[in-house]
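The sequence and model come first.

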Amino acid sequence: MSDFDTIQVGRGEAFPLGVTKKGDGEIQIAAWHSGIGNCQLRIYSENKTVKKIRMYGREDIGFGDIFSVSLRGEGVAELLQGLEYEFVSDGKVLPDPFARAVSGRDRFGRKGGKVRSRFVLDEFDWTGEDWVRLPARDMVLYQCHVRGFTRHSSSGVKAPGTFAGLREKIPYLKELGVNTLLLLPVYDFDECMRDENGVELGRVNYWGYGGDAYYFAPKASYSSCPENPGAELKSMIKSLHQNGMNVILDMYFTGLTPEVILECLRYYALQFHVDGFRINQDCMETAWLRRDSVLSHVKIIGNGWADQPGDEGAESMLEMNDGFLVDARRYLKSDEGQTEHFYHRFKEQRRGVGLIHYITQNNGFTLRDLISYDVKHNEDNGEKNADGTQYNYSWNCGFEGPSRRKTVLRTREKQEKNAFVMLLLGMASPMILAGDEFGNSQKGNNNAYCQDNLITWLDWRLLEKNKETFEFVKMLLRFRKNHPLYHSDRMLTGMDSKGLGAPDVSCHGTEPWVADFSYYSRELGIMYYGSYFEDQTLYFAFNFHWDSHDFFLPGIEAGRRWEVAIDTSGQGVGEIVEKKAYKMAPRSIAVFKSGPEQAKKENKKKSRKRASGK
């Protein structure tokens with residue numbers, strides 16, 4: 001007698017759909033497919049059919065197109081765990097869109113066996129998770145592709161290209177200073193691209209957007225244990241939470257009803273403890289998300305939201321689009337007429353809506369390529385370089401591609417630092433593209449959607465080669481974390497609303513209090529007045545002209561002086577500005593903080609030590 005002979009088969013309920021564990025001794029399986037008149041459940045072990053079960057339909061459960069069955073018996077969950085199943089109606093195989101795992105896609109980019117659903121019924125132990133959801137204003141995001149992050153042989157992890165491999169890199173992420181991972185799709189999508197007739201094109205859907213997908217099933221080929229990728233994903237999320245970090249999943253829905261989308265998002269929020277989602281807003285009426293009892297408590301990232309009354313939604317509705325990317329890139333490359341645009345972007349806030357700013361993302365150039373290429377180089381994509389955007393707003397600093405010219409390298413180094421200051425010290429929550437912090441390149445490919453190779457896999461050897469860049473990013477993130485400006489819930493007004501002596505934020509040019517937004521201006525000063533931010537004033541000086549300029553800094557509180565906190569040209573850091581003017585090097589950014597009068601004496605000591613050679 002087989003183990004299945006001890007299982008009692010009975011009528012199930014119409015909902016919930018998919019496979020549901022209803023206690024230790026009962027499993028319910030429910031399927032919905034429009035227009036079918038009968039349905040059979042087939043269960044497989046090692047690709048062999050072990051059980052065929054007729055499912056109950058309309059006459060038994062009262063809903064058309066829904067079929068359900070209940071399996072009862074001692075140890076039924078353990079019996080089914082890991083086995084495959086599918087639905088069959090009139091000889092036609094039907095998928096289970098609610099499947100929690102699938103088989104047949106265990107190796108990325110390689111056609112496997114028949115794709116079937118898999119029973120996942122084990123429990124996960126979340127004990128000791130210590131889960132804290134970060135406020136939106138404190139988030140520093142890191143956009144990451146699970147496979148590409150550790151697939152390269154230089155990653156040094158035990159399970160390259162998997163959830164477990166990413167988990168091994170958590171100490172690195174903590175050292176860097178990011179606290180929120182935005183993961184490209186981790187649900188089980190079909191990466192083998194096909195045309196409209198189902199013929200394989202010989203290219204991979206590396207990113208995971210579009211195509212045939214099982215949205216409830218974590219991707220088997222992203223797991224070192226393809227039979228249960230969900231457990232490995234949960235272990236990764238638990239470890240991230242234990243280290244004070246949050247996780248946001250990029251979910252690109254096609255072909256699902258709004259009701260199923262809501263159920264899918266709730267599933268990841270409740271069962272995987274996911275902190276939020278980035279969604280394509282055209283998939284449903286997003287007002288439903290704000291009213292949902294579960295999803296109203298997680299972060300939802302979209303391309304654009306209307307202002308919300310008061311601060312309602314500020315911690316849950318976040319906006320992420322290319323507005324900052326375009327303005328920051330154009331100002332970085334010294335285009336005319338960009339000073340005013342960048343000023344508003346750098347201090348940008350929204351009423352009741354969180355903002356996420358980025359200069360690079362998966363779709364486009366990496367940061368190193370942004371300063372190394374004037375045009376895209378997508379020849380490897382097999383589309384004759386016709387794919388990808390033509391509008392990169394990039395500048396190669398005088399030479400296309402890799403260069404050994406010292407002048408080119410010096411300019412690129414400064415431009416890279418400039419970009420990080422613009423991104424990481426603005427008011428919006430910043431997002432770093434994985435690998436930008438150590439000079440990752442895609443060789444000028446700005447649309448690497450089909451590249452599962454060295455073009456998209458992070459080369460961790462670059463971390464040592466570009467250690468200075470990595471340390472600079474770490475320093476900026478420490479600066480952001482430690483300064484009260486970035487953790488204030490105050491909406492900037494541009495006025496001295498409390499009568500403290502200066503506006504909370506103000507705009508300047510090379511002369512204090514005189515902003516220059518003329519077409520040819522490339523000089524900008526921005527001051528955040530410390531009396532509004534725990535008595536810590538900051539002044540940002542941007543000079544994106546190709547000549548040096550004297551910046552006359554505004555007067556500040558009595559008994560305090562301007563101290564150079566950051567200068568991307570490498571001059572003067574830590575010194576007190578003795579004169580009224582500070583000479584800004586070409587294409588550079590300097591950040592000044594207000595320091596006490598006694599720091600002037602320390603500054604003189606440093607100068608004497610340098611003069612004596614000590």
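An open sheet of 4 strands has the order S1-S6-S3-S2, and its pairing is antiparallel. Strand S1 (8–10) and strand S2 (18–21) stand at the edges with a single partner strand each, so one side of each has no neighbour in the sheet. From one strand to the next, the twist averages 20°. Within this sheet, strand S3 (residues 26–32) and strand S6 (residues 66–72) are joined in the antiparallel sense by 7 bridges. Opposite Ala31 stands Phe67 in S6.

The model is predicted: local features need pLDDT of at least 70, side-chain atom pairs count only at pLDDT 80 or more, and totals for chains, interfaces and linings use all residues. Residues are numbered from 1 along each chain as its sequence is written, and side-chain values use heavy atoms, with hydrogens and water left out.

Helices (H or I, at least four residues) and strands (E, at least two) are DSSP runs numbered from the N terminus. Two strands pair if DSSP finds at least two bridges between them. Strands of a sheet pair through backbone hydrogen bonds, either parallel or antiparallel. Axes are lines fitted to C-alpha atoms, for helices over the stretch in contact, and angles run from 0 to 180 degrees between N-to-C directions.

**The barrel**

A barrel is closed by 8 strands in the order S11-S12-S17-S18-S19-S20-S21-S22, with parallel pairing. Its neighbouring strands are turned against each other by 25° on average, direction ignored. Some of the pairings and partners are as follows.

| Strands | Bridges | Residue partners |
|---|---|---|
| S11 and S22 | 3 bridges | Tyr142 with Ile432 |
| S18 and S19 | 3 bridges | Phe277 with Ile300 |

In strand S11 (residues 141–144), Leu141 and Gln143 point one way, Tyr142 and Cys144 point the other way, and all are buried. Here buried means under 20% relative accessible area, exposed over 50%, and partly exposed in between (1.4 Å probe, protein chains only). Helix H12 (residues 406–424) lies across strand S21 (354–357) and strand S22 (429–433), and runs at about 140° to S22.

**Glu86**

Glu86 is part of strand S7 (residues 84–89). Is this residue, Glu86, buried or exposed? Glu86 is buried, at a relative accessible area of 6%. Leaving aside neighbours within four places in sequence, Glu86 is in contact (heavy atoms within 4.5 Å) with residues including Gln40, Leu41, Arg42, Val93, Leu94 and Lys114.

The side chain of Glu86 makes polar contacts with the side chain of Tyr44 at 2.5 Å and with that of Arg116 at 3.5 Å. A polar contact is a pair of N or O atoms within 3.5 Å; within protein, one must be able to donate a hydrogen and the other to accept it, and residues adjacent in sequence count only if both atoms are side-chain atoms. The C-alpha atoms of Glu86 and Ala99, 13 residues apart along the chain, are 9.7 Å from each other.

**Cysteines**

A disulfide is a covalent bond between the sulfur atoms of two cysteines; here it is assigned to a pair of cysteine sulfur atoms within 2.5 Å. The whole structure contains 0 disulfides. Cys192 is in none, and the nearest cysteine sulfur, that of Cys450, is 13 Å away. Cys192 is buried, at 11% relative accessibility.
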